[in-house]
Amino acid sequence: MQQNMEQAQHILKTTFGYDAFRHHQADIIEAIINGQDVLTLMPTGGGKSICYQLPALIRPGTAIVVSPLIALMQDQVDALMQLGIKAAFLNSTLKIGEQRLIEEQFRNGAYDLIYMAPERLLNEYTLNLIDQCDIALFAIDEAHCVAQWGHDFRKEYQQLSMLHERYPHVPRIALTATADQRTRNEIIEQLALQQARVFINSFDRPNIHYAINDVGSGRDELWKFLQQNHPNDAGIVYCLSRKNVDTTAEWLNKKGRAALPYHAGLTQDIRQNNQQRFLREDGLIIVATIAFGMGIDKPDVRFVAHLNLPKNIESYYQETGRAGRDGLPSNAWMNYGLKDVINLRLFTQNSDADELFKRMMLQKTDAMLGLCELTSCRRQAVLSYFGEELAESCGNCDNCINPPETWDATIATQKILSCIYRTQERFGTQYIIDILLGKDDERIKANSHDQLSTFNIGTEHSSPEWRGIFRQLVAHGYLTTDVEGYGVLKLTEKAWPLLKRSKTPHTVMLRELNKASKVIRSKSSRSKRKIDLNLSTHDQDLFEQLRLLRSELAKDQNVPPYVIFPDKTLVEMAMNKPSNEDQMLEISGIGAVKFKRYGEAFLKELKQHQ
Ligand code: ADP
Ligand code: ZN
């Protein structure tokens with residue numbers, strides 16, 4: 001046993017180029033090598049892959065990696081081959097001849113790892129093939145796909161429990177970055193992992209800066225954010241509708257940023273092509289619906305921006321989690337408005353799900369809106385939602401860096417509620433605001449609403465300010481909208497005590513209005529820089545040169561640049577300036593095979609900058 005782990009440690013250094021295991025990696029790897037089943041929950045970028053790749057190299061036979069992401073298998077296999085590991089995939093992109101060849105090699109034990117989608121694996125032909133091969137382990141990636149209520153549900157995943165029955169002596173490892181308890185239980189249940197050892201990692205992503213703001217119009221704010229923080233960086237912009245995706249991508253291109261759309265309305269070819277370009281080119285922006293992202297292994301996504309509210313905190317965390325897998329500073333940024341809040345509530349109210357499910361969705365919606373309107377640390381709130389306590393506020397979110405002020409909005413709230421009540425809950429936001437502001441308006445006159453006691457009693461706030469108050473009241477559940485979607489405002493249970501001036505005094509505290517929230521990262525002193533990597537100017541130039549070299553090498557082989565070396569490795573090179581093989585092997589991410597392939601080229605480049 002001891003010997004196995006020594007061997008694992010050795011491979012970690014010589015093949016992967018890393019000095020030490022992270023988190024539970026060592027325990028997980030040891031369990032698998034010893035033939036135990038494992039369930040691993042680790043945030044994106046936590047280092048899940050090594051948990052099955054390393055045992056695959058130590059246990060006799062081939063490891064089968066089950067993944068739903070056919071489009072990414074090529075890159076995954078390329079990345080392994082760059083490390084000198086023998087790997088292949090079996091999927092529908094292969095020609096029949098290629099497929100037969102791989103099957104033949106598989107039978108001969110030529111591979112350490114082989115990737116396939118669940119439907120391929122479950123097919124009788126493949127199972128027969130597997131029967132003839134020596135199998136080291138099964139790795140079930142993106143294991144949350146078995147969860148019926150999750151948004152990545154794949155029916156075939158549920159049949160994977162048969163692996164346990166058919167190959168009882170082959171250890172299985174299920175991996176996911178989804179944190180919630182319900183999904184975890186479903187995975188254990190569906191994959192028959194009751195005996196498995198469970199390793200749960202902290203879900204904190206300390207390198208991601210969270211900011212959620214409600215000022216201005218989404219696009220203008222996005223543009224400011226990009227100019228200030230990411231003038232050249234790769235990132236993802238999420239929008240709700242396909243149309244919005246298309247127009248936003250177009251708008252970014254007009255503004256001079258290379259941006260590509262991605263949504264389910266585009267043909268498979270276009271989607272595939274846009275995804276490939278995102279992975280292979282530096283500094284590209286993908287504008288996408290939530291159809292984009294699962295399993296995207298690109299480690300240097302520097303920002304994820306939301307122009308609409310995600311459905312729930314699970315989605316928010318999963319989507320923002322695609323930033324900064326390499327551990328370098330990254331931004332999760334969101335802008336939202338009244339319309340978003342109303343739409344999100346409507347979406348839940350109108351779903352034709354059964355009552356129990358609907359109630360659950362409503363709770364999730366509330367939690368998401370609560371996160372938006374929060375005035376304390378965002379990270380603490382998100383982690384606590386996933387059942388994890390962060391003892392101190394994080395110092396790396398908008399609320400920590402620039403604490404929002406709150407104000408007593410009780411009177412303003414009462415004015416709104418009263419005005420809605422007096423107009424019989426039949427009107428939308430703008431109409432109510434116009435009454436509060438005493439607007440000279442035909443419709444108001446025709447309805448005799450200029451006679452109301454609430455007419456012209458709200459001039460202390462501007463129209464946009466009132467909208468902000470409405471949004472917060474909807475978010476806090478004092479107001480709701482009609483289920484038909486006309487935007488007619490209704491009072492909720494929670495509103496009545498305020499309206500009736502109940503005996504129990506009740507104050508409504510809201511976020512200060514229209515305070516231009518600073519969305520800039522904490523360490524943004526050199527705001528012109530794409531990203532603050534803590535490099536001196538000279539080293540930063542060197543880093544850019546190394547990046548160029550990497551780009552050329554990647555292009556020659558048609559692989560993504562990060563498959564050659566991640567940014568982190570280049571940053572270390574630029575800082576430490578190794579000048580020989582030994583020093584080069586000290587750099588994180590450079591093992592023997594990588595050195596043999598690229599060591600000289602990078603040493604040469606480094607020499608020129610001494
Ligand atoms: P996940 O699949 O959990 O999102 P990956 O397996 O892609 O994460 O790992 C994220 C990054 O961290 C990769 O660049 C990987 O090579 C690196 N990494 C993994 N384990 C270690 C380690 N022990 N030390 C240093 N870097 C590591
Ligand atoms: Zn914080």
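# Reading helices, pockets and domains

Q: At what angle do the axes of helix α14 and helix α16 cross?

A: The axes of α14 (residues 313-320) and α16 (residues 355-373) cross at roughly 55° and come within 8 Å. An axis is a line fitted to C-alpha atoms, for a helix over the stretch in contact; angles run from 0 to 180 degrees between N-to-C directions. Helices (H or I, at least four residues) and strands (E, at least two) are DSSP runs numbered from the N terminus. This is a predicted model: local features need pLDDT of at least 70, side-chain atom pairs count only at pLDDT 80 or more, and totals for chains, interfaces and linings use all residues. Residues are numbered from 1 along each chain as its sequence is written, chains are lettered from A and ligands numbered from 1 in the order in which they are written, and side-chain values use heavy atoms, without hydrogens and water.

Q: Which word describes how α14 and α16 lie to each other?

A: Angles under 35 degrees are roughly parallel, over 145 roughly antiparallel, 65 to 115 roughly perpendicular, and the rest oblique. α14 and α16 are therefore oblique to each other. On the α14 side, Ile 313, Glu 314 and Tyr 316 make the contact (heavy atoms within 4.5 Å). Nonpolar covers Ala, Val, Leu, Ile, Met, Phe, Trp, Tyr, Cys and Pro; charged covers Asp, Glu, Lys and Arg; the others, Gly among them, are polar.

Q: How do the axes of α19 and α22 cross?

A: Helix α19 (residues 410-422) and helix α22 (residues 463-475) have axes that come within 11 Å and cross at roughly 80°. They are therefore roughly perpendicular. α19 brings Ala 412, Thr 413, Lys 415, Ile 416 and Ile 420 to the contact. α22 brings Trp 466, Ile 469, Phe 470 and Leu 473. Seven of these residues are nonpolar, one polar and one charged.

Q: What volume does the largest pocket have?

A: On a 1 Å grid over the protein atoms alone, a pocket is an open set of points with protein on both sides within 12 Å along at least five of seven lines; in a cavity a 1.4 Å probe fits but cannot get out; lining residues have an atom within 4 Å of a point. Points join across faces, edges and corners, and a volume is the space filled by probe spheres set on them. Here the largest pocket holds about 1,300 Å³. It has 50 lining residues, with Gly 47, Ser 49, Asp 297, Pro 299 and Arg 325 closest to its centre. Helix α4 gives the largest share, five residues. The lining has 21 nonpolar, 17 polar and 12 charged residues.

Q: Which element gives the largest share of the second largest pocket's lining?

A: α13 does, with seven residues. This pocket has about 890 Å³ of space. Its lining counts 35 residues; Pro 68, Leu 69, Ala 71, Tyr 262 and Gln 275 lie nearest the centre. Domain 1 (2-200) and domain 2 (208-401) each give at least three residues. Domain bounds come from an automatic or database assignment.

Q: How far apart are the C-alpha centres of domain 1 and domain 4?

A: They lie 29 Å apart. Domain 4 spans 537-607 in the assignment. 13 residues of domain 1 are in contact with 18 of domain 4.
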